[in-house]
Amino acid sequence: MRLVVLGAAGGTGRLVVERAITAGHEVTAVARDCEALARLRLRSTVVRADVLEPETLRAPIEGADAVVYAVAPPNRSTTVVYSEGIRNLLETMRDSGVKRLLTITSSRIEVPREAPLTRKLVIRYLIEKIFRNPYLDMLRMEDELRHSDMNWTMVRSAKLRDGTEIGRYRTVINGYLPRERPLNRADLAEFLVTHIDDADTFRAEVSISG
């Protein structure tokens, strides 16, 4: 399968590229800073592109079977990299006939009705205040996906941390995941790569936790 990873220079994107290569996929690693991907050049195609510059997306997306959107802003300031970026990507994918798309957001962008009171208070009065700008843009990105005709999967992750792949994590499709715990980025990458063609996750929200 030909897989395109946008945001391949980031902490999660790089691991998705490496995991996909190990799984035998033909990988195109896309980033604004290709120098950060120098050691992956021998095992993947490295392309410079910017999701906010739609004309740069056509070449790497053409002929792809699936796309992983691992793009993230460098800080917590106001951003449109999720919403504007996904809008540009969706248009490019539509023009190129590519239908499969997986994105990464946070399990904390909304307050689940089923969550215990303590978690609701932490999300509403602490986390939402700290991450308000990127989380609002994540929600706009999810809205763009829901109104598209793509076979998307929104992966809503628990708090991410560095660490090796453990191979143990919990997921739920279109539901609430209780007792959320931090998740290793390597395990998130493993989930994304192993569920690229999982039809059960098409047009679905998947919550994932350690």
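## Basis

The model is predicted: local features need pLDDT of at least 70, side-chain atom pairs count only at pLDDT 80 or more, and totals for chains, interfaces and linings use all residues. Residues are numbered from 1 along each chain as its sequence is written, and side-chain values use heavy atoms, with hydrogens and water left out.

## Nonpolar cores

In soluble globular proteins, nonpolar side chains tend to be buried together. A nonpolar core here is a set of buried Ala, Val, Leu, Ile, Met, Phe, Trp, Tyr and Cys residues joined through side-chain atoms within 4.5 Å. Buried means under 20% relative accessible area, exposed means over 50%, and partly exposed lies in between (1.4 Å probe, protein chains only). The largest nonpolar core has 29 residues. Val17 and Leu192 have the most contacts inside it. Elements giving two or more residues to this core include strand 1 (2-6), helix 1 (11-22), strand 5 (100-106) and helix 6 (185-194). Helices (H or I, at least four residues) and strands (E, at least two) are DSSP runs, numbered from the N terminus. Helix 6 gives the most to this core, with 5 residues.

What does Leu192 touch, not counting residues up to four places away in sequence? Its partners are Val16, Val68, Leu102, Ile104 and Val155. Contact means heavy atoms within 4.5 Å. A second, separate core has 27 residues. Val30, Ile61, Val71 and Val98 are among them.

## Helix 3

Helix 3 covers residues 83-96. At 1.5 Å a residue, its 14 residues should span 20 Å, and its end C-alpha atoms are 20 Å apart, which agrees. The expected span is 1.5 Å times one less than the number of residues. The buried residues of helix 3 include Ile86, Leu89, Leu90 and Met93. Just after helix 3, Gly97 takes a positive phi of about 75°.

Ser83 belongs to this helix. Ser83 counts as buried because its relative accessibility is 4%. Its side chain makes a polar contact with the side chain of Asp137 (2.5 Å). A polar contact is a pair of N or O atoms within 3.5 Å; within protein, one must be able to donate a hydrogen and the other to accept it, and residues adjacent in sequence count only if both atoms are side-chain atoms. Leaving aside residues up to four places away in sequence, Ser83 touches Asp137, Arg140, Met141 and Glu144.

## Salt bridges

The structure holds 15 salt bridges. Each is a side-chain nitrogen of Lys or Arg within 4 Å of a carboxyl oxygen of Asp or Glu. Glu165 pairs with Arg19, with the closest N and O atoms 3.3 Å apart. This pair links distant parts of the chain, 146 residues apart. Glu165 is in the loop between strand 7 (160-161) and strand 8 (170-173), and Arg19 is in helix 1. Glu165 is partly exposed at 39% relative accessibility, and Arg19 is partly exposed at 22%.

Glu84 and Arg87 are 3 residues apart in helix 3, so about one helical turn separates them. Asp162 forms a salt bridge with Arg185, the closest N and O atoms being 3.3 Å apart. Asp162 lies in the loop between strand 7 and strand 8 and Arg185 in helix 6, so the pair ties together parts 23 residues apart in sequence. Asp162 is exposed at 66%, whereas Arg185 is partly exposed at 24%. Glu142, Arg146, Arg156 and Glu205 are linked in a network of salt bridges.
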